[in-house]
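Dear colleague,

Please find below the structure that I am handing over to you. I would be grateful if you could read the notes after it with the coordinates open.

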Amino acid sequence: MHDGPVQDIFAALSQLQVLDRSLAGDATAQQRAGQAVKLLERALGEIIEGLAVQHETLTDQAIELDLPADLGDCALPTKIAIYRILQEALANGHRHSGAARQRLTVERRGSSLALIVSDDGKGFDPQRVLASEEDVGVEGGHFGLRGIQDRVEMLGGTFAVDSAPGRGTSLTVTLPAE
């Protein structure tokens, strides 16, 4: 899916959530805004599922997806970050892991959202990769592990990579939902 429509859906959802909160006292308008929010949230879930299916089709790498039906209210920058991080994490896993499959989990953790992308591939030394100048910044439209870490830190989230040569990789990102 192209970034423009995804960002437009995220923006529309955020605006409807603000509108819904401002309609206190008008039950009919609040109900309609709430229904529109639910439709857009469902569309976003389908976009994430579509990204996973597209990745499977293009790479022949299976994706096991664990995505709840309702992630609840979430700030627009967090939604965009989750989508971008997911794109990059799946691409990195395919390019570098040698794994036959990846697992993607998105879950609500109190006032935060967590994204976990893992694989059963060959693994790597995360500290070496993060320290490498080759992985810093945008190169050819990809921002790599360092870019994911920087994006997460800018939003006040946490970033962890658990990997070692020979035992696969798990990337866990937690971002504030509000």
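This is a predicted model: local features need pLDDT of at least 70, side-chain atom pairs count only at pLDDT 80 or more; totals for chains, interfaces and linings use all residues.

Five strands form an open sheet in the order β1-β2-β3-β5-β4, and their pairing is mixed. The edges are taken by β1 (62–66) and β4 (158–163); each has a single partner strand, so one side of each has no neighbour in the sheet. From one strand to the next, the twist averages 10°. In general, strands of a sheet pair through backbone hydrogen bonds, in either a parallel or an antiparallel manner. Here β1 and β2 run parallel and are joined by five bridges. Leu65 has Leu104, in β2, as its bridge partner.

Helix α3 lies across β1, β2, β3 and β5, and runs at about 10° to β3.

The largest nonpolar core contains 36 residues, of which Ile85, Leu86, Leu104, Leu115, Phe159 and Val173 touch the most other members. At least two core residues come from each of α1 (3–22), α2 (27–59), α3 (76–96), β2 (101–109), β3 (112–119), α4 (126–131), α5 (144–154) and β5 (169–176). The greatest contribution is that of α3, with eight residues.

Leu104 deserves a separate look. Apart from neighbours within four places in sequence, Leu104 is in contact with Ile48, Ile63, Glu64, Leu65, Asp66, Leu86, Leu115, Ile116 and Val117. Two of these contacts, Leu86 and Leu115, are also among the core residues that touch the most other members.

The buried residues of α2 are Ala33, Val37, Leu40, Glu41, Leu44, Gly45, Ile47, Ile48, Leu51, Ala52, His55 and Thr59. As a general point, an α-helix has 3.6 residues a turn, so residues three or four places apart point the same way. After α2 comes Asp60, which has a positive phi, near 60°.

Finally, is Ser22 buried or exposed? Ser22 lies in helix α1 and has a relative accessibility of 52%; the cut-off for exposed is over 50%, so Ser22 counts as exposed. A polar atom of the Ser22 side chain lies 2.8 Å from the backbone oxygen of Leu19.

With kind regards

Note on methods:
Residues are numbered from 1 along each chain as its sequence is written. Side-chain values use heavy atoms; hydrogens and water are left out. A nonpolar core is a set of buried Ala, Val, Leu, Ile, Met, Phe, Trp, Tyr and Cys residues joined through side-chain atoms within 4.5 Å. Buried means under 20% relative accessible area, exposed over 50%, partly exposed in between (1.4 Å probe, protein chains only). Helices (H or I, at least four residues) and strands (E, at least two) are DSSP runs, numbered from the N terminus. Contact means heavy atoms within 4.5 Å. A polar contact is a pair of N or O atoms within 3.5 Å; within protein, one must be able to donate a hydrogen and the other to accept it, and residues adjacent in sequence count only if both atoms are side-chain atoms. Two strands pair if DSSP finds at least two bridges between them. Axes are lines fitted to C-alpha atoms, for helices over the stretch in contact, and angles run from 0 to 180 degrees between N-to-C directions.
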